[in-house]
Amino acid sequence: MLQFDRVTLDSESEVLRQRVRDFVADNQHHMPQPNSDFVTGHDPEFSAKLGEQGWIGMTWPSEFGGGEQSNFERLVVTEELLAAGAPVSAHWIADRQSGPLLLRFGTPEQRERYLPGIASGQSYFSIGMSEPDTGSDLASVRTTAVAEGDAYRINGTKIWTTDAHRNHYIICLVRTEAPSENRHAGFSQIIVDLKNDGAKVRPISNMAGGEDFNEVVFEDVLVPKDRIVGEPGNGWQQVTSELAYERSGPERFLSAFRVFVEMVRICGDQPSPHQAAAIGRLASHFMTLRRMSISVAGMLEQGKDVGVEAALVKELGNNFEKVLPEVARLVVPDLSQLDPAKHKLFRDTFEETLLLSPSFTLRGGTREILRGVIARGLGLR
Amino acid sequence: MAVLEKFYAASLHADWGYVDMDTRQLIIDTAEKIFADHCQKGLLDAAEQGIFPQDLWGKIVENGFHQLGSAGSGTDAADLYAFLKVCGRYSVPLPMAEVLLSNQWLASAATESGSDFASIGRLNDTSINQVPWGRKATKVLGVAADSHKVLVIDAPSINEQGNNLAGEAHDTFLLAGTEREIELEDSPFAQMALARTNLMAGGLQATLDLGLQFASERSQFGRSISKFQAIQHSLAVVAAEVAAAQRAADAAVDALGTDRFIDEVSASKARVGEAVGIVAEQVHQVHGAMGFTYEHRLHHFTRRLWAWRDEWGNEFYWQAMLGSRLAAMGADKVWGYIATRG
């Protein structure tokens, strides 16, 4: 039986929550148009301020600039920032994914070299997994890194690379050995300096008008040998464990939260029964998903494997993020006739969220992949 | 401590070690064992025909389960609701929610022998209706949506026998004007909703388990249907809803006695009720025509789920209750209210 334990946050977490709320209140100028989606607000100045507060790399050891705090404290900071619509995208991937990856699998030199910059909110990373012919089937990656003396020569193309045009590094899944019978063998991850190593970055506009996607082309890009994350040949194990960290956090159900807030504002303090039920329905989902996410944080804190539970939270959370705007649009009086001045915030956040919503069940593992993970956990595969 | 002594005796009798188990786990394990033995298809069918499951009731009394959560039983309300989850998982054809809550409300009125019990129904101006197994009850209690008062009929005389959608006995009693009233601290209506929520959480788990079992046993096109991606994805959706339902049900139990009780019950009954529609539909689809027969046991679970989501406030009722509260707080307060510690 799948178990999501009851977890109560400790009082330290609540003290921290108040600190984050005060910080958010003092930094409203960084969020003129709050949106809870974690990719929408790129603000290096804000990220650096978070770094100063010690709110990036919170769970890492202090020798690498970390805060040695619990997964619960990290969750509190994360959910408070997202709920407020704070701009967190600049450091997001580095904090959530690249840093923990290097901490777990990286060499001592790599940890020392990259982690303090991430924790200070000044060093940003991209993920180099997908390729033009590789989406969910990650083992079909074709980009190669061939050893040549003290270097690796990289050839291939990565795609859907969020913020590659402004981030400092990309960690790429590459083939360091030719394909063999074991299709998960022969992969490594390698760190490329996006500013200095000669990778070509081409922007891809998305349907929401965003410019954060890119294609990154490697043509005989040479990087030093010590850029391989940990041991060569360990790439598959690295990417699969890395994907599990990114599936259960509050960003998997809060992407549309500001739409909810503005919807409640328009409904007013005396909503019709229909409006009240819509508010209550969405709130019941938020309350439940949040508790499930906290349960997973508790499992992480105990060092448990959270693969299936995290996939469940993401499956439920992403579907809910898509339902939310659908509910919201039908309870505001008439979307097309809303007073533009009075209801600008609702319209802006609603339209942006709806346009982004197709990505909710694609990024970080598609719905189809997640359902497969859950089915395996149920013993069906 | 009568209840615990009986558990210990039963556990020792069954050759179980109990020393390291906490009370709640002991209750759950003992209940599961009894229900697995007794709540077979035949018993559920018979109960639907109006035959009271006397032997099962005897087992419940023998183990002290009829006093769970009552003062002096050595168990608390959280044990009571954990037990109701187990009842839901086995479609126990007895009004355990009503028996246990009425005992609690009447300050442990249950007799040691269990020769009588009270049941609870919806109160309106002239009657108390939808009283589970009211025909067997020696006391009948009536609860209305917006009152902390409970009406008690001490010598009930049944007016009409009936059934709910699941074939559970639901009877009606006319008011004579001579009833007495008691008053409770926590809303009795919300407590009944919480009881249904936990029964549903258990029933949802059982429904998922039946789906998993059937998918692995049924073979088509030369292989187990569990190997088809369409089936795997249906059951993954079901598992996600069931997991959410468990967490939601537990959260409302944890809010007992706090000022968030009504709101947490609202969220919980609404969320679990929403899961019912999805889970029942998908698991029936997985079962094909077999699950549509009376002979298969799936309907004993799905019909109860469909009935229970409408009893003691449906999703719309509780969603609107919660939504009105949040709207009154104002848009900028909703996050603070959602972001609780527990």
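Two strands pair if DSSP finds at least two bridges between them. Helices (H or I, at least four residues) and strands (E, at least two) are DSSP runs, numbered from the N terminus. With those terms ready, open the viewer.

This is a predicted model, in which local features need pLDDT of at least 70 and side-chain atom pairs count only at pLDDT 80 or more, while totals for chains, interfaces and linings use all residues. Residues are numbered from 1 along each chain as its sequence is written, and chains are lettered from A and ligands numbered from 1 in the order in which they are written.

**Stop 1: the sheet of chain B**

Select B:Gly121 and look across to β3(B), where its bridge partner is B:Gly142. The two strands here, β1(B) and β3(B), run parallel and share 5 bridges. Now colour β3(B): 4 of its 5 residues are buried, a residue being buried if 20 or more other C-beta atoms, placed from the backbone, lie within 10 Å of its own, exposed if 12 or fewer, and partly exposed in between.

Move on from β3(B) to β4(B), its antiparallel neighbour, joined to it by 4 bridges. One pair to pick out is B:Val143 with its bridge partner B:Val150 in β4(B). These two strands make a hairpin that has 5 residues between them.

Next, return to strand β1 (residues 118-123) of chain B and follow its pairing with strand β2 (residues 127-132) of chain B, which is antiparallel over 2 bridges. Select B:Leu123 to find its bridge partner, B:Ile128 in β2(B). This is a hairpin too, with 3 residues between β1(B) and β2(B).

Altogether β2(B) and strand β5 (residues 170-174) of chain B pair in the antiparallel sense over 4 bridges.

Zoom out to see the whole arrangement: 6 strands of chain B form an open sheet with mixed pairing, in the order β5-β2-β1-β3-β4-β6. At the edges stand β5 and β6 (180-183) of chain B, each with a single partner strand, so one side of each is left without a neighbour in the sheet. From one strand to the next, the twist averages 35°.

Which helix lies across β1, β2, β3, β4 and β6 of chain B? Select α6 (residues 96-105) of chain B, which runs at about 90° to β1(B). Such angles run from 0 to 180 degrees between N-to-C directions, and axes are lines fitted to C-alpha atoms, for helices over the stretch in contact.

**Stop 2: the domains of chain B**

Colour chain B by domain: domain 1 is 1-108, domain 2 is 116-184 and domain 3 is 188-338. These bounds come from an automatic or database domain assignment. Between domain 1 and domain 3 of chain B, the C-alpha centres are 22 Å apart. Their contact takes 15 residues from domain 1 and 19 residues from domain 3, where two residues are in contact if their C-beta atoms, placed from the backbone, lie within 7 Å. On the domain 1 side, α5(B) gives the largest share, 9 residues.

**Stop 3: B:Ala251**

Select B:Ala251, found in helix α8 (residues 229-254) of chain B. Is this residue buried or exposed? B:Ala251 counts as buried because it has 23 C-beta neighbours inside 10 Å. Leaving aside residues up to four places away in sequence, B:Ala251 touches A:Met287, A:Arg291, B:Glu264 and B:Ser268.

**Stop 4: where the chains meet**

Show both chains: their contact takes 44 residues from chain A and 41 residues from chain B. On the chain A side, the largest share, 17 residues, comes from α8(A). That side of chain A divides into 24 nonpolar, 8 polar and 12 charged residues. Here Ala, Val, Leu, Ile, Met, Phe, Trp, Tyr, Cys and Pro count as nonpolar, Asp, Glu, Lys and Arg as charged, and the others, Gly among them, as polar.

**Stop 5: two helices of chain A**

Finish with helix α7 (residues 257-267) and helix α10 (residues 344-356) of chain A, which pack at an angle of about 145° with their axes 9 Å apart. Residues making this contact include A:Met263 of α7(A) and A:Phe350 of α10(A). By class, the contact residues are 6 nonpolar, 2 polar and 2 charged.
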